[in-house]
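Here's a quick briefing to read alongside a protein model. Keep the 3D view open and find each residue as you go.

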Amino acid sequence: MSSVEPFAQRVQSLRETWLERRMVKALASAHDRESQFQLLATLHQWALQAAADIQRVYGETLIVEVSPAPEAADASPCFHVVVDRGYSVSFGLAERRRASGGSWFVDASVMGGGRGGGAIAAGPERRNGQWTRGRLEELLLSVLGAYERASVAG
């Protein structure tokens, strides 16, 4: 029996992916606070879905938590994805001040796993493109990889 999904599902998946990319591109290209907050809220939804996928695979052997959705009224809206209480990815809004005014962007940092407790910036950098579901998932996979390496190391 073939494990290939039906063509109609593949077409639907392709369409949804491109609709999502167009929506995110519009948000990411605008650097006002409201657009970047909407991008942050989108990343939070993706993080919830990714955490549910991780939980389905690992079951009760791994705790994965996503903090509540950020609030637009917060001075520094942010959320965190925590894996096994020792590894986390934080997403938040930051402002770059320029002579021509401020511009907002979503930044991310990774903490934990033998890095001395410090946060490491996790992009995406301007030269590397913009936030996508795939970039968020790769970031979470890197945290899971750090967790697995630490588990093997004892």
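In this predicted model, the charged end of Arg-21 sits over the ring of Trp-18, 4.6 Å from the ring's centre. To count as a charge over a ring, NZ of Lys or CZ of Arg has to be within 6 Å of the ring centre and within 35 degrees of the ring normal. Arg-96 also lies over a ring face, that of Phe-105, at 3.9 Å from the ring centre.

**Ground rules**

- Residues are numbered from 1 along each chain as its sequence is written, and side-chain values use heavy atoms, with hydrogens and water left out.
- Since the model is predicted, local features need pLDDT of at least 70 and side-chain atom pairs count only at pLDDT 80 or more, while totals for chains, interfaces and linings use all residues.

**The overall layout**

- The chain has three helices and five strands; these are DSSP runs numbered from the N terminus, with helices being H or I of at least four residues and strands being E of at least two.
- Starting at the N terminus, the order is α-α-β-β-β-β-β-α.
- Out of 154 residues, 32% count as buried, where buried means under 20% relative accessible area, exposed means over 50% and partly exposed is in between (1.4 Å probe, protein chains only).
- Take the contacts (heavy atoms within 4.5 Å) with a separation of 6 or more: residues 24 or more positions apart account for 43% of them.

- For α2, 26 residues at 1.5 Å a residue should span 38 Å, and the end C-alpha atoms are 36 Å apart, which agrees.
- Just after α2 comes Gly-59, with a positive phi of about 65°.

**Strands and a hairpin**

- Which way do β1 and β2 pair? They're antiparallel, over three bridges; two strands pair if DSSP finds at least two bridges between them.
- Val-64 has Val-83 in β2 as its bridge partner.
- β2 and β3 also run antiparallel, joined by six bridges, and Phe-79 stands opposite Phe-91 in β3.
- These two strands make a hairpin with three residues between them, and Asp-84 in the turn has a positive phi of about 55°.

**Aromatic pairs**

- How many aromatic pairs does the structure hold? There are four, where rings of Phe, Tyr and Trp (its six-membered ring) pair if their centres lie within 6.5 Å, and planes under 30 degrees apart are stacked, over 60 edge-to-face and the rest tilted.
- Phe-79 and Phe-91 are stacked, at 4.9 Å centre to centre with 15° between the planes.
- Because Phe-79 lies in strand β2 and Phe-91 in strand β3, their pair ties together parts that are 12 residues apart in sequence.
- Phe-79 is buried at a relative accessible area of 0%, and Phe-91 is buried at 1%.
- Tyr-87 and Tyr-147 have ring centres 6.3 Å apart and planes at 85°, so this pair is edge-to-face.
- Tyr-87 is in strand β3 and Tyr-147 in helix α3, so their pair ties together parts 60 residues apart in sequence.

**The nonpolar core**

- In soluble globular proteins, nonpolar side chains tend to be buried together.
- A nonpolar core is a set of buried Ala, Val, Leu, Ile, Met, Phe, Trp, Tyr and Cys residues joined through side-chain atoms within 4.5 Å.
- The largest one here has 33 residues, and Leu-43, Phe-91, Trp-131 and Leu-136 touch the most other members.
- At least two core residues each come from α1, α2, β2, β3, β4 and α3, with α2 giving the largest share, nine residues.
- Leaving aside neighbours within four places in sequence, the contacts of Leu-136 include Leu-43, Phe-91 and Trp-131.

**A buried serine**

- Beyond its neighbours within four places in sequence, Ser-103 is in contact with His-31, Ala-94, Glu-95, Arg-96 and Arg-98.

Technical notes:
Expected span 1.5 Å × (residues − 1).
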